[in-house]
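Good morning, colleagues. Please take a moment with the model on the screen, after which I shall go through a few of its features.

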Amino acid sequence: MNESLSQIGEKEILNRLKRFMPTGQIEDDTALINPKNKELLINTDILVEDIHFNDITSTPKDVGWKAISVNISDLISSGTEEVLGVTVGLIAPQNTAWNWVEDLYIGMHSALKTFGGTLIGGDCSQGKQKIISITAIGSVGKLNMHRSNALPGDCVISTGPHGLSRLGLALLENDPSIKTSHISEGLKHEAIKRHQRPLPAMEALQMLKRSKPNELSWRAAATDSSDGLLNSLIDLANSSNCKIIIDRKNLPKSINWPEGKKWDSWCINGGEDYELIVCLPPSWAKEFIANYNYGKIIGFVEEGQANVLWTNGESININEYLPFKHF
C-alpha cells in the first residue's frame with residue numbers, strides 16, 4: 001500500500017527521512033556545522049510545482065536532483081570552495097504519496113553525493129501544492145567572484161551552451177510550435193537531460209582557478225544563468241555599472257542548434273541553463289578558453305552607462321526575446 005503523508009504524520013515522515021542525513025542530525029531544531037574559521041556563503045532557492053516542475057516533465061527523483069543543483073549553482077557563481085550542507089523545507093498536499101517524497105530525497109541525496117555537501121535538516125508542512133525550498137551553505141574560496149567586479153577591458157565568457165533546458169521542456173511537453181524533425185536525436189537527448197538533471201558548473205569553476213595567470217589577482221565578476229543569458233548579462237552590467245558588448249555571431253549555442261528567431265530567443269532567454277557568465281581580464285579568459293572545451297568568449301566590457309548591447313551599438317531588448325519569468 002502506498003501511504004499518503006496524512007496517514008504517516010510529521011513525526012514519522014521526519015523519522016523516515018533520517019536515513020538521508022548524518023546520524024543525530026535532526027534530533028534538535030538546529031543543525032551544527034563546522035566552518036573551520038572560514039567565511040560562509042548562504043543561498044536559498046525554491047522550486048514550485050507547475051512553475052518549475054510537474055509530473056509530466058520530471059520524476060520526483062529529477063525534482064530532488066534539480067532542487068540541489070540549482071542551489072549549488074548559485075554557490076559556485078560566488079566561487080565557493082566547498083559545499084558544506086543544505087536544509088530542506090518541504091510543503092506538500094496531505095494526500096501526497098510517501099513514495100513521491102522518498103524519491104524526492106533519493107534524488108537530492110544522489111546530487112549531494114555527486115556535488116558535495118550533506119543534508120543537515122529542514123522542515124515539512126502541508127499545503128495546496130508541492131514546494132521545495134533549499135538553503136545551501138558553502139565556504140568562501142580564493143576566487144573573488146562578485147557581480148560588481150567587472151571592469152572595462154574584461155572579456156565576457158559563457159562556460160557552456162544556452163537554450164538546452166528550454167528545448168528540453170518543449171520536447172517533454174510536446175510543444176506543437178517546434179518541428180522535431182529539424183532537431184537531431186543527440187540534441188533532443190541532451191536537451192531533456194539538461195532540463196531534468198541540470199549540472200552546476202563545478203568543473204568550470206575548478207578550471208577558472210587553475211587557468212589564472214600568476215600575475216593577476218583573483219578578481220572576477222560572475223553570475224549563473226538560471227534566469228537566462230540576457231538576464232545574467234544585465235545583472236552584471238547593472239552591478240558593475242558598465243556596458244557589456246555581445247557579439248551576435250558568438251552566442252553560446254549547442255552543436256546542431258537550429259537557426260531562427262525562436263531558437264535565438266531560447267538561447268538568449270530560455271532560462272535554467274545554470275552556466276557561469278564570467279567577466280575576466282583577457283589573458284585569463286584566453287587561458288581558460290584554451291583549457292575548457294565548453295567555454296566561449298561572447299563579448300567584452302566597456303566603460304559607460306549600464307547596458308547590454310550588440311557590437312553594432314543596438315541595445316538588446318529583453319522583451320524581444322521571450323524573457324524567462326518567475327511570475
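Predicted model: local features only at pLDDT ≥ 70, side-chain atom pairs only at ≥ 80, totals over all residues.

Residues are numbered from 1 along each chain as its sequence is written, and side-chain values use heavy atoms, with hydrogens and water left out.

Returning to Pro-200, the residue sits in the loop between helix H6 (185-196) and helix H7 (202-211). Helices (H or I, at least four residues) and strands (E, at least two) are DSSP runs, numbered from the N terminus. Setting aside neighbours within four places in sequence, Pro-200 is in contact (heavy atoms within 4.5 Å) with Ser-69, Ile-72, Ser-73, Ile-76, Phe-115 and Tyr-274. Pro-200 and Glu-275 are 75 residues apart in sequence, yet their C-alpha atoms are 6.9 Å apart in space.

I turn now to the sheet. It is open, has 7 strands in the order E5-E7-E9-E6-E10-E8-E11, and its pairing is mixed; two strands pair if DSSP finds at least two bridges between them. At the edges are strand E5 (144-145) and strand E11 (307-310), each pairing on one side only.

Strand E7 (residues 219-224) runs antiparallel to strand E9 (residues 276-280), and 4 bridges join them. Ala-221 has Cys-279 of E9 as its bridge partner. Strand E8 (residues 243-246) pairs over 4 bridges with strand E10 (residues 296-302) in the antiparallel sense, and Ile-246 stands opposite Gly-299 in E10. With E11, E8 pairs in the parallel sense, again over 4 bridges; there Ile-245 is partnered by Leu-309.

Helix H3 (residues 60-77) lies across E5, E7 and E9, at about 165 degrees to E7. Axes are lines fitted to C-alpha atoms, for helices over the stretch in contact, and angles run from 0 to 180 degrees between N-to-C directions.

Finally, the axes of helix H8 (residues 229-240) and helix H9 (residues 261-269) come within 5 Å and cross at roughly 45 degrees. The contact is made by Leu-229, Leu-230 and Asn-231 of H8 with Cys-267, Ile-268 and Asn-269 of H9. Thank you.
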